[in-house]
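I opened my notebook to look up a few things in this structure. Come along and check each entry against the picture.

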Amino acid sequence: MFDFLGIPPQALFGQLLLGLINGSFYAMLSLGLAVIFGLLNIINFTHGAQYMMGAFGAYFLLQYLGLSYWWALVISPLVVGLTGVIVERLMLKHLYKLDHLYGLLLTFGLALITEGLFRNEFGSSGQPYRIPEQLLGGNNLGFMFLPNYRAWVVVASLTVCLATWYVIERTKLGSYLRAATENPTLVQAFGINVPRMITLTYGFGVALAGFAGVLAAPIYQVAPQMGSNLIIVVFAVVVIGGMGSIMGSILTGFGLGVIEGLTKVFYPEASNTVIFVIMALVLLVKPAGLFGRTT
Amino acid sequence: MKFTRTMTLAATVALAIGAGQAQAQYSDGTIKIGVLTDMSSLYTDLSGAGSLLAARLAAEDFGAAAKGMKVEFVNADHQNKADVGSAVARQWYDVDKVDVIVDTPNSGVALAVNQITREKNKVFLVSGAATSDLSGKACSPNTIHWTYDTWLLANGTGNAIVKTGGDSWYFLTADYAFGHALEGDTEAVVTKNGGKVLGKVRHPLNTADFSSFLLQAQASKAKIIGLANAGGDTTNSIKQAAEFGIVRGGQNLAGLLVFLTDVHALGLQTAQGLIFTETWYWDMNDNNRAFAKRMAAANKGIHPTMIHAGVYSAVTHYLKAVEALKSDADGGAVVKKMKDTPTNDPLFGQGSIRQDGRKIHPAYLFEVKKPAESKAPWDYYKLRATIPAEQAFRPVNEGNCPLVRG
């Protein structure tokens with residue numbers, strides 16, 4: 001057998017697979033950000049907090065209503081999406097005509113407030129959430145032990161990502177959405193309710209974050225700062241992939257997960273900086289990001 | 001990141017505004033205690049607001065008001081950044097007339113504040129930070145390291161595990177001063193007892209996903225995976241180790257620094273069977289239980305950790321020393337008085353403080369109960385062994401502390 005820089009191939013395959021699993025969270029979150037930025041021109045800094053709310057949603061449903069993980073997977077994103085709709089209706093819609101910076105400041109402020117409220121109520125060390133019984137255990141793949149739940153995370157995330165890409169890029173509804181970003185007035189003239197479409201799009205992007213939160217709940221502690229730890233990385237992913245590019249953010253999400261995973265083997269100390277190094281390099285060479293269009 | 005910098009700036013500005021109301025010193029009637037801790041991140045529950053509360057309770061129980069001593073409190077969030085912590089400490093000492101800083105989890109921040117406190121001749125009472133350097137090569141005539149340290153954790157837990165057959169280790173280490181100190185101290189214990197260290201991996205502070213590191217630990221075939229980290233890092237490692245079948249595969253986890261709040265966050269189902277060392281547990285005697293009841297009532301039900309108890313004990317002893325001296329102006333003199341006086345408080349009982357600034361008391365080896373053994377919320381530990389005070393901490397001549405050399 002060959003060794004790659006002193007790492008046996010079994011270990012390497014294992015790390016690649018783990019990278020893909022972490023990448024699925026990056027992909028789902030950056031996809032939501034890309035959808036929101038693409039159609040609303042808003043840099044949604046609340047995304048991390050909304051991801052955290054998704055995880056807490058699952059915890060509340062189990063704790064207070066006794067509803068299982070599978071119910072949470074449906075209900076929690078819907079509820080989080082609904083809070084997104086309310087935020088869009090009450091606040092964000094007033095900002096579309098202004099500079100990006102205002103939307104960014106508003107969503108950043110909302111994120112700080114939300115996280116502060118949760119921390120005040122539930123402390124920082126987080127709440128336990130068990131892996132659903134159907135997904136307990138795992139399989140020995142020869143080169144690593146793969147917990148069933150992690151396999152489920154990759155499958156769920158890939159399905160959601162590809163479905164979203166298909167709807168936006170390949171269906172009639174998606175074409176309305178894309179047209180509305182190019183020229184809202186004209187699309188409205190054809191009798192399409194553009195403001196409602198934008199509201200629902202924001203709600204959908206936020207629901208994606210909530211969905212990722214529910215997926216994350218059994219793996220990580222359900223803690224108020226779980227989102228803020230992740231969101232900075234996800235923003236780097238979006239920047240690398242190119243703001244607003246749907247497929248770009250999916251591919252970059254998975255790809256960077258893998259790169260980060262490999263860094264954890266070769267030089268673990270740098271594992272939380274490697275993505276930013278790549279971001280700097282990409283910005284130097286392609287300022288619009290790997291998949292971004294320069295306009 | 002830009003935002004972090006902006007936030008730091010905002011925090012500094014907020015502090016500067018607060019500085020307008022500078023208070024007089026005890027000589028003018030006020031003792032000002034600064035609780036510098038993590039109020040927003042992974043160490044908040046095990047220290048944080050609970051530490052401020054414990055310090056207040058200590059002053060209340062001491063009867064400071066009745067004795068004519070005016071005690072005031074300030075607190076700040078150091079965000080686990082040594083530069084933020086240093087800026088707050090300088091601000092407090094120079095402008096706000098703070099006399100003593102207490103708690104300060106995060107060894108990196110504590111080492112910085114240790115240095116500043118010495119320069120300004122104030123007092124630093126460490127309960128939250130772990131590095132044994134605070135009473136070793138970084139020891140200071142102005143600092144007392146109160147509750148626990150990495151040497152204690154390493155020896156208490158490391159000895160017990162190596163002696164029961166856990167003789168090959170792999171470390172998961174938080175990549176900063178505390179993790180390095182804990183790893184180094186534990187490695188020394190393991191090798192001294194004839195064990196081997198097969199490898200180690202250093203992860204950034206506040207990591208969410210440990211699966212990659214756990215897989216490397218699994219591949220090492222070490223019998224024991226030593227977690228040289230704390231707070232949220234430890235709970236995430238333990239939770240994900242269960243997921244990846246590490247324990248079922250025949251390897252065992254050694255949580256080198258585990259707090260009550262970590263066990264609470266994990267739940268007994270995941271945490272059961274963990275062995276670790278602490279110096280205080282709320283359910284050991286009536287005094288501790290009474291303290292826990294008061295703390296929990298005022299702190300969202302969170303039962304006090306050993307750090308909270310340490311803050312209470314340290315502030316109590318500090319106030320005694322200041323009362324005896326009738327002055328808090330000379331930090332070095334106050335610490336000297338504290339060292340000369342035997343300690344005695346409801347939570348830690350009788351004890352003493354060594355010349356290197358190490359507070360001495362017994363330590364306990366605990367095991368986390370099985371879910372069936374726990375009779376009430378927060379009923380989590382059973383006592384496995386008591387380590388007498390004179391064996392619990394590093395011998396005074398082995399720490400390379402300049403204060404005791406020669």
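My entries on the two chains follow below.

**Ground rules.** I noted that this is a predicted model, where local features need pLDDT of at least 70, side-chain atom pairs count only at pLDDT 80 or more, and totals for chains, interfaces and linings use all residues. Residues are numbered from 1 along each chain as its sequence is written, while chains are lettered from A and ligands numbered from 1 in the order in which they are written.

**Chain A, overall.** I looked up the helices and strands, which are DSSP runs numbered from the N terminus (helices are H or I with at least four residues, strands are E with at least two). Chain A has 11 helices and 2 strands, and its pattern along the sequence reads α-α-α-α-β-β-α-α-α-α-α-α-α. I then checked the radius of gyration, taken over C-alpha atoms, against the globule rule of 2.2 Å times the number of residues to the power 0.38. For 295 residues a compact globule would come near 19 Å, and chain A agrees with its 19 Å. Its C-alpha trace spans about 65 × 50 × 35 Å along the principal axes.

Next came burial: a residue is buried if 20 or more other C-beta atoms lie within 10 Å of its own, exposed if 12 or fewer, and partly exposed in between, with C-beta atoms placed from the backbone. In chain A, 50% of the 295 residues are buried.

**Chain B, overall.** I found 14 helices and 15 strands here. A compact globule of 406 residues would have a radius of gyration near 22 Å, and chain B, at 21 Å, agrees. Its C-alpha atoms fill a box of roughly 65 × 50 × 50 Å along the principal axes. Buried residues account for 57% of the 406.

**Where the chains meet.** How many residues of chain A are in contact with chain B? I found 33 residues of chain A in contact with 37 of chain B, where contact means that C-beta atoms, placed from the backbone, lie within 7 Å. On the chain A side, the elements giving two or more residues are helix H1 (9-40), strand S2 (145-147), helix H9 (226-241) and helix H10 (246-266). H1(A) gives the largest share, 5 residues. I sorted that side of chain A into 16 nonpolar, 14 polar and 3 charged residues. Here Ala, Val, Leu, Ile, Met, Phe, Trp, Tyr, Cys and Pro count as nonpolar, Asp, Glu, Lys and Arg as charged, and the others, Gly among them, as polar.

**Strands in chain B.** Two strands pair if DSSP finds at least two bridges between them. I saw that S6(B) (168-174) and S7(B) (196-203) run parallel, joined by 7 bridges. The chain crosses from S6(B) through helix H6(B) (177-192) to S7(B), a right-handed β-α-β crossover; with the strands pointing away from the viewer, the path from the first strand over the helix to the second runs clockwise.

I also found an open sheet of 3 strands in the order S11-S12-S13 in chain B, with antiparallel pairing. S11(B) (343-345) and S13(B) (359-360) stand at the edges with a single partner strand each, so one side of each has no neighbour in the sheet. Between S11(B) and S12(B) (349-353) there are 3 bridges, and Asp345(B) has Gly349(B) as its bridge partner.

**A covered helix.** Is H8(B) mostly covered or mostly exposed? I found H8(B) mostly covered, with 12 of its 13 residues buried, including Gly231(B), Ile238(B) and Lys239(B). Just after H8(B), Gly245(B) takes a positive phi of about 65 degrees.

Note on methods. Contact = placed C-beta atoms within 7 Å.
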